[in-house]
Amino acid sequence: MPDDDRFDPTERSEYELTRSANIIVPMPPLRKARICGALALLGSLAAPLVATLPAAVREATFAGPPAATPLGVAAVALAGTVAAGLAGLGLVALQRRLARGPEPTDDAVWSFLAVEDALTGIGFITGGLGVLVGLALLASGHWGVDALDALRRNGVEPYASVSALPVTPRLTSAVALAAGLVVFAATVIVVDGE
């Protein structure tokens with residue numbers, strides 16, 4: 001085993017030791033926040049995906065411009081984007097609190113670990129699934145009208161217009177771009193502030 005002072009337990013705080021033994025996803029909070037920011041930023045592909053659909057799909061499915069049509073799937077992608085963005089900001093705030101001190105007491109350690117795990121789950125699972133499933137369904141028209149017909153036969157309508165939720169792919173892309181950039185900027189500010 002190589003001599004590596006990074007992992008000397010005597011130089012680590014009680015919180016870091018407890019965290020390393022009990023956290024579900026063993027990454028620093030800032031790295032998790034950056035992954036959440038990347039997931040949020042990925043949602044900005046919603047408008048380009050529907051804007052570049054083949055002409056046959058646009059004519060068969062949309063009455064107006066696809067990027068400006070309220071779609072249920074765009075709402076799914078937007079929900080994932082917001083979840084990833086908020087979780088990323090929460091992880092940045094947690095990292096900032098831990099860096100500024102004081103070190104959490106024994107009782108508070110478990111609260112911090114629970115908050116970190118919850119934010120990780122919200123960002124990675126809720127955010128990741130929302131963004132990836134939403135984008136996959138928005139992109140499904142790129143495989144042609146036959147692929148859309150196959151999805152419809154299986155009960156999936158990727159371009160169902162939902163007037164009750166006026167969420168368009170364009171709105172999803174704008175929110176995703178803003179959320180991703182805010183999370184990345186927050187991680188840089190926290191790192192520079194430490």
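Student: T187, buried or exposed?
Tutor: T187 is buried, at a relative accessible area of 1%. Buried means under 20% relative accessible area, exposed over 50%, and partly exposed in between, with a 1.4 Å probe and protein chains only. This is a predicted model: local features need pLDDT of at least 70, side-chain atom pairs count only at pLDDT 80 or more, and totals for chains, interfaces and linings use all residues. Residues are numbered from 1 along each chain as its sequence is written, and side-chain values use heavy atoms, leaving out hydrogens and water.

Student: Where does T187 lie?
Tutor: In helix 8, residues 169-193. Helices are DSSP runs of H or I with at least four residues, strands are E runs of at least two, and both are numbered from the N terminus.

Student: What is T187 in contact with, leaving aside neighbours within four places in sequence?
Tutor: L30, A33, R34 and V92. Contact means heavy atoms within 4.5 Å.

Student: And which backbone oxygen lies 2.7 Å from a polar atom of its side chain?
Tutor: That of F184.

Student: New topic. How many residues has the largest nonpolar core?
Tutor: It has 18. V50, L53, L71, L138 and Y159 have the most contacts inside it. Such a core is a set of buried Ala, Val, Leu, Ile, Met, Phe, Trp, Tyr and Cys residues joined through side-chain atoms within 4.5 Å.

Student: Which elements give two or more residues to this core?
Tutor: Helix 3 (46-51), helix 5 (72-100) and helix 6 (106-139). Helix 5 gives the most, with four residues.

Student: What does L138 touch, leaving aside neighbours within four places?
Tutor: L138 is in contact with A46, V50, L53, L71, V73 and Y159.

Student: How many aromatic pairs does the structure hold?
Tutor: One. The ring centres of F62 and Y159 are 5.2 Å apart and the planes are at 55°, so the pair is tilted. Phe, Tyr and Trp rings (six-membered ring for Trp) pair if their centres lie within 6.5 Å; planes under 30 degrees apart count as stacked, over 60 as edge-to-face and the rest as tilted.

Student: Which residues does UniProt list for "transmembrane region"?
Tutor: The unreviewed UniProt entry lists 35-57, 69-94, 118-139 and 171-191. Residues 118-139 are 100% helix and 0% strand, with end C-alpha atoms 30 Å apart.

Definitions and conventions: UniProt positions are given in the numbering used here, feature names are shortened, and annotations may be inferred rather than shown by experiment. A polar contact is a pair of N or O atoms within 3.5 Å; within protein, one must be able to donate a hydrogen and the other to accept it, and residues adjacent in sequence count only if both atoms are side-chain atoms.
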